[in-house]
Each structure stands twice: as structure tokens, then as C-alpha cells.
Amino acid sequence: LESQQGTRAEEVFFFMCFFVNNQYRILVEQSSSGAAELGSTFESRLCRIGQVVAILDTWDKPVYLERIWTIFEQSCAIRSNTPVTMIL
């Protein structure tokens with residue numbers, strides 16, 4: 001199978017940051033990849049992935065744009081020139 005953008009289905013993967021970035025450990029426990037390095041750590045992972053797909057619950061006032069973490073995700077994507085697609 002091939003998507004509209006020409007990407008083969010075998011080359012598509014899901015990265016869910018809550019599986020990789022334990023926010024509690026980063027911010028509260030101040031682990032080795034602590035809050036000071038959070039931006040650079042997250043941006044490097046975004047660059048490696050190459051694209052962000054943000055899933056919105058509604059078009060009018062989506063919860064995604066009210067959460068500080070997801071706003072941070074968008075900020076990192078903009079700084080790293082990572083393409084973002086928003087879907088409902």
C-alpha cells in the first residue's frame with residue numbers, strides 16, 4: 001500500500017511521546033534527561049521522526065490546544081521545522 005504522499009505503509013510508524021518521555025520522571029525526579037534538557041531531547045526526537053500528526057477532538061476549542069505539553073510539542077515542531085498535520 002502507498003499513501004497519497006507516496007509513503008509506503010511499511011515505512012509508517014507511530015511515536016507516542018507519553019511512552020518515551022516520562023514527564024513525571026523528567027520534571028519531578030529530575031532524571032538525567034531533566035527539565036533543563038527537555039526541549040533539546042524532544043526536538044531531536046521530532047527531527048528524527050520527521051513529521052507530527054496532532055489529533056484534535058473538535059474543531060472548535062480542541063483540548064489539544066489547551067494543554068501545556070501539546071503546546072510545547074507544537075513549539076518544538078516549529079523551532080525544528082518539523083511538518084505538522086492536524087486531523088479530527
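## An aromatic pair

Rings of Phe, Tyr and Trp (its six-membered ring) count as a pair if their centres lie within 6.5 Å; planes under 30 degrees apart are stacked, over 60 edge-to-face and the rest tilted. By this rule there is one aromatic pair here. The rings of Trp69 and Phe72 have centres 5.3 Å apart and planes at 45°, so this pair is tilted.

This is a predicted model, where local features need pLDDT of at least 70 and side-chain atom pairs count only at pLDDT 80 or more, while totals for chains, interfaces and linings use all residues. Residues are numbered from 1 along each chain as its sequence is written, and side-chain values use heavy atoms, with hydrogens and water left out.

## Where the two rings sit

Trp69 and Phe72 both belong to helix α4, three residues apart, or about one turn of the helix. (Helices, H or I with at least four residues, and strands, E with at least two, are DSSP runs numbered from the N terminus.) Trp69 is buried at 9% relative accessible area, while Phe72 is partly exposed at 22%. Buried means under 20%, exposed over 50%, and partly exposed in between (1.4 Å probe, protein chains only).
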